[in-house]
Amino acid sequence: MIELAAAFAVAGAASNAVGTAFQRKAASASSRGGLRLLAELVRRPFWVIGMCAVVGAALFQSLALVNGPLALVQPLFVLELPFALLVAAPLMHRRLPHSGWWGVGACVAGLAVLLIAAAPHGAVDQAPLSRWIPALCLCVGGMAAAVLLSCGRGRSPARRAALLAAASATGNALTAALLKSASGTFADHGFAAFLRSWQTYGFALAGVGAVILLENALQAGPLAAAQPALTIGDAVVSLTLGMTLFGERIRTGWWLVPGAAGALLIIGGVLVLSRAVQHIVVVPVAVEERDMAT
């Protein structure tokens with residue numbers, strides 16, 4: 001089922017990227033805010049397409065987590081970043097610099113090398129409460145510590161963005177772990193058991209917290225500081241949770257060498273992409289096309 005889980009994870013990353021791009025496209029054509037913005041967006045086809053894609057991404061992620069290890073599924077969501085650029089650039093009439101394509105290639109190649117070297121395996125859907133309690137305490141405590149450190153005086157915008165992004169990444173990984181458990185309950189025991197599971201409400205709360213932290217990270221400092229912490233932090237914490245909660249295993253020994261090389265490629269690719277998006281070129285739009293968009 002590993003291949004099926006990988007396919008669902010890639011589909012989830014692509015679907016989430018499409019949803020984000022279409023929602024941003026719809027919101028960029030409005031100058032309103034708050035509930036008035038939402039009331040306007042629900043009438044826009046681009047926003048509806050984006051929401052359907054986001055819902056599809058959640059379903060794909062659930063299917064991926066039911067069929068495969070957390071240590072495989074969450075790192076594959078690194079692909080959301082290059083997917084988002086591939087979709088958003090033409091949709092928003094932007095042109096990515098050549099360096100950005102090198103970053104995309106590095107992310108994809110590094111991810112392939114890392115996952116082939118690690119070969120995550122041996123997953124189960126449930127974990128005893130004796131494992132969940134320390135995992136929850138460490139994750140929530142780590143998120144709180146990162147937020148407190150970001151609030152200190154004299155913190156540079158880049159450091160604040162990185163700390164808040166690390167907290168958001170931890171929240172994303174915890175959300176995925178809770179979602180894996182809740183999805184397993186749904187698959188094994190049905191919808192009623194899913195609603196009675198505490199993990200169902202846990203992943204909803206963790207997901208909301210992760211989104212709030214992400215918005216603050218993007219507001220606090222440059223994307224070049226936030227994105228690497230968000231991308232790498234999610235993968236590292238997910239790997240740790242997968243091994244400690246669900247008994248997942250990865251290959252060690254000399255396989256750690258290509259695994260480290262793949263991780264470095266991903267970090268380099270994310271850094272290049274984070275800087276490339278700051279130099280995106282605006283493509284002129286014909287008057288007729290602009291009228292159709294608005």
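Tutor: Start with contact, which means heavy atoms within 4.5 Å. This is a predicted model. In it, alanine 177 touches Leu70, Trp132, Leu241, Leu245 and Phe246, leaving aside residues up to four places away in sequence.

Student: Which residues have the most contacts inside the largest nonpolar core?

Tutor: A nonpolar core is a set of buried residues of the listed nonpolar kinds, joined through side-chain atoms within 4.5 Å. The largest one here has 39 residues, and those with the most contacts inside it are Leu70, Leu76, Trp132, Ala177, Leu241, Leu245 and Phe246. Helix 8 (residues 157–189) supplies the largest share of this core, 6 residues. Another core, of 12 residues, lies apart from it; Leu164, Ala169, Leu213 and Ala220 are among its members.

Student: Is serine 197 buried or exposed?

Tutor: Compare the relative accessible area with the cut-offs: buried is under 20%, exposed is over 50%. Serine 197 has 9%, so it is buried. Its side chain is also joined to that of glutamine 199 by a polar contact of 2.6 Å.

Student: Why does cysteine 52 count as exposed? And what about cysteine 151?

Tutor: Cysteine 52 is exposed because its relative accessible area is 53%. Cysteine 151 also counts as exposed, because its relative accessibility is 56%.

Student: How many disulfides does a search of the whole structure find?

Tutor: The search finds 0 disulfides.

Terms used:
Residues numbered from 1 in each chain as written. Predicted model: local features only at pLDDT ≥ 70, side-chain atom pairs only at ≥ 80, totals over all residues. Heavy atoms only, no water. Buried < 20%, exposed > 50% of the residue type's maximum accessible area, 1.4 Å probe, protein only. Polar contact = N/O pair within 3.5 Å; in protein donor to acceptor, adjacent residues only side chain to side chain. Disulfide = S-S within 2.5 Å. Helix = DSSP H or I, 4+ residues; strand = E, 2+ residues; numbered from the N terminus.
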